[in-house]
Amino acid sequence: MKIPSQDESFLLRKREITLVYAALMAEMDKECFASDLCWSEDLFVSALETGAWGELLIIEDTPVGFQLCRSLLGETEILTLGILPKFQGKKLGRQLISSVFEGAKKRQAEEIFLEVEEGNLPARALYVGAGFKVIGMRRNYYGKERHALVMRCNLKEGATSTF
């Protein structure tokens with residue numbers, strides 16, 4: 001499949017994540033994050049069985065990205081969000097963030113939280129562009145000297161759900 005440039009049009013769809021996608025999600029997570037901390041199929045199943053929600057991002061017939069969140073008591077947490085490496089840099093992450101905002105508002109969330117690796121500059125730029133602010137750090141969260149930034153977006157403060 002040809003990877004579209006930023007200026008090309010292509011068929012972009014979103015599909016709600018259900019249990020049937022757990023194995024696919026685990027494989028995509030491994031490809032996106034290449035870490036020993038990737039989500040297993042069992043973790044995706046467990047999250048979905050306990051109320052997590054999310055979407056697959058699909059170009060033509062190819063899954064290229066995903067987001068998985070949990071909402072509770074006025075808050076939404078982005079559990080994982082990724083775009084496959086060969087599709088990164090095409091502003092597809094914005095589509096997923098827009099879906100997160102829509103889903104959070106639908107679930108009456110007032111805030112969205114996430115953790116992102118301090119060194120993941122493209123992801124940090126995406127989140128800052130959507131209105132997230134750093135509120136803390138979890139040292140060694142992703143391994144030795146791999147810190148997580150904790151970020152929050154207050155939906156009442158007019159966050160940018162579209163770019």
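The exercises that follow concern a predicted model, and each task comes with a worked solution.

**Exercise 1.** Determine which residues of helix α1 are buried, and on what they pack.

*Solution.* Begin with the extent of the element: α1 runs over residues 22-33, and its 12 residues reach 16 Å from the first C-alpha to the last, close to the 16 Å expected at 1.5 Å a residue. Next, list the buried positions, which are Ala 22, Met 25, Ala 26, Met 28, Asp 29 and Cys 32. Because these residues cover an arc of only 165 degrees around the axis, they lie on the same side of α1. Finally, look for their partners: the buried residues of α1 pack against the helix α2 (41-49) and against β2 (53-59), β3 (62-72) and β4 (75-83).

**Exercise 2.** Find which members of the largest nonpolar core touch the most other members, and examine the surroundings of Ile 112.

*Solution.* The core holds 45 residues, and those touching the most other members are Leu 56, Ile 78, Ile 97, Phe 101, Ile 112, Tyr 127 and Phe 132. Leaving aside neighbours within four places in sequence, Ile 112 is in contact with, among others, Ile 78, Phe 101, Phe 132, Met 151 and Leu 155.

Methods: Residues are numbered from 1 along each chain as its sequence is written. This is a predicted model: local features need pLDDT of at least 70, side-chain atom pairs count only at pLDDT 80 or more; totals for chains, interfaces and linings use all residues. Side-chain values use heavy atoms; hydrogens and water are left out. Helices (H or I, at least four residues) and strands (E, at least two) are DSSP runs, numbered from the N terminus. The expected span of a helix is 1.5 Å times one less than its number of residues. Buried means under 20% relative accessible area, exposed over 50%, partly exposed in between (1.4 Å probe, protein chains only). The arc is that of the directions from the helix axis to the C-beta atoms. Contact means heavy atoms within 4.5 Å. A nonpolar core is a set of buried Ala, Val, Leu, Ile, Met, Phe, Trp, Tyr and Cys residues joined through side-chain atoms within 4.5 Å.
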